[in-house]
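Please look over the model shown below before reading the notes. The points are grouped by topic.

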Amino acid sequence: MFLVNETDAVLLPAARTGEMVKLLGWNLPPEQMHLVHEHWKDFPAPPYFMHLLLALIYFVLMNLSLIGNGIVVWIFTTSKSLRNGSNMFIVNLAIFDLLMMCEMPMFLVNAFSERLVGYETGCAIYAALGSVSGIGGAISNAVIAYDRYRTISNPLEGRMNRVQASLFVLLTWLWTLPFTVLPMFNIWGRYIPEGYLTTCSFDYLTDDSDTRVFVGCIFTWAYAIPMVFICYFYTRLFGHVRQHENMLKNQARKMNIESLAANRNVNAEAAEIRIAKAAFTIFFLFVCAWTPYAIVTMIGAFGDKTMLTPFFTMVPAMCSKVVSCLDPWVYAISHPKYRQELERRLPWLGIKEAPDNVSTTESKQTVISDPPAAAEN
């Protein structure tokens, strides 16, 4: 039994016979082997069925993301009742998720070829799409958290108009630029293949101080800062709703009545519980999407690199793709007027949404029925 080194990598027919142990990068030409980090060159190449399995999973995720996020963009941009500042952030998040979907056709080609098609150019495009969608999605979550807190805590003056919302949307796109452009042009950092060498990301494996500083900066910029904002604003939001609920209960007790909320369903959950569930779901999805990748990059830059096997580094990329498919459900399916539009335009989905009978005398009922926007009229 022989190992395949860089010279043997050109012997594609022999390598495919199964008589040799193929190492990662076995089917790359010698002039492209510089793309493969030394860390990966000692790992055996995965069997072909693993590439096919991942291709199947990515194909399903690609279609789910395209359908879910596509419907969100279509309905929110063509329905007059949904064209408000807060809903612009939902559309913006869906666009970032669609950009992540654009990676998937490239991955399918790479998986069937068992290598990175396009070499440096293909790697740069794939990684740049992932960078824009990942960083943009993270900061968009933070902006949505801020908008929900501001709107619910101050329903009369806290609502953003379309101009204000447009500036925040522009901010999310500008936020993605530094750590997308710098590695693309090798100004600071670089994009390299990872895992099974069918995906690309920024270099977090090179053992030098420049790479470690780069990884620390992108970790802070793309993960830590959005995480802090999300935690802060949803904590404040939950505190505000809880305080409001206590005030209503105390006032009702003084007036010797059961509740001050008009038309309240006695079987409905308390407002603070519903807000807590929505906030936790949003936070949980963000954590599930990017914490695995953050852990992998920090291990690669500062920890024991032997822990990073090809399969282990493929898992975080899949997590982010799964969450991009779930975002439309979390941010839009819970939206009453969005469900009404779905019922009207796509009746075959079987969605039944009750008409809006929210009392205009109590802002509390608005909080219960629509946490994301706090108002849709």
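This is a predicted model: local features need pLDDT of at least 70, side-chain atom pairs count only at pLDDT 80 or more; totals for chains, interfaces and linings use all residues.

Residues are numbered from 1 along each chain as its sequence is written, and side-chain values use heavy atoms, with hydrogens and water left out. Helices (H or I, at least four residues) and strands (E, at least two) are DSSP runs, numbered from the N terminus.

**Cysteines**

- The count of disulfides comes to one, where a disulfide is a pair of cysteine sulfur atoms within 2.5 Å.
- Cys123 and Cys200 form this disulfide, with their sulfur atoms 2.1 Å apart.
- The link of Cys123 and Cys200 is left-handed, with -120° about the S-S bond.
- Cys123 lies in helix H5 (residues 119-153) and Cys200 in strand S2 (residues 199-202), so the bond ties together parts that are 77 residues apart in sequence.
- Cys123 counts as buried because its relative accessibility is 1%; buried means under 20% relative accessible area, exposed over 50%, and partly exposed in between (1.4 Å probe, protein chains only).
- Cys200 is likewise buried, at 5% relative accessibility.
- Cys319 is in no disulfide, and the nearest cysteine sulfur, that of Cys288, is 7.3 Å away.
- With 23% relative accessibility, Cys319 counts as partly exposed.
- Cys325 has a relative accessible area of 6% and is therefore buried.

**Packing of H5 and H6**

- Two packed helices are described by the angle between their axes and the distance between the axes.
- The axes of H5 and helix H6 (residues 162-176) come within 8 Å and cross at roughly 150°.
- Axes are lines fitted to C-alpha atoms, for helices over the stretch in contact, and angles run from 0 to 180 degrees between N-to-C directions.
- H5 and H6 are therefore roughly antiparallel to each other; angles under 35 degrees count as roughly parallel, over 145 as roughly antiparallel, 65 to 115 as roughly perpendicular and the rest as oblique.
- The crossing of H5 past H6 is right-handed, meaning that the near helix is turned clockwise from the far one by less than a right angle.
- On the H5 side the contact includes Val132, Ile135, Gly136 and Tyr146, and on the H6 side it includes Phe168, Trp173 and Trp175; contact means heavy atoms within 4.5 Å.
- The residues of the contact of H5 with H6 divide into eight nonpolar, five polar and one charged; Ala, Val, Leu, Ile, Met, Phe, Trp, Tyr, Cys and Pro count as nonpolar, Asp, Glu, Lys and Arg as charged, and the others, Gly among them, as polar.

**Ala222**

- Ala222 sits in helix H8 (residues 209-254) and is buried, with 17% relative accessibility.
- Leaving aside residues up to four places away in sequence, Ala222 touches Ile135 and Ala138.
- Ala222 and Trp290 are 68 residues apart in sequence, and their C-alpha atoms are 9.3 Å apart in space.

**Positive phi in loops**

- Glu114, a residue other than glycine, has a positive phi, near 60°.
- Glu114 is in the loop between helix H4 (103-113) and H5, and counts as buried at 6% relative accessibility.
- Leu197, also a residue other than glycine, has a positive phi, near 65°.
- Leu197 is in the loop between strand S1 (191-194) and S2, and is buried, with a relative accessible area of 5%.
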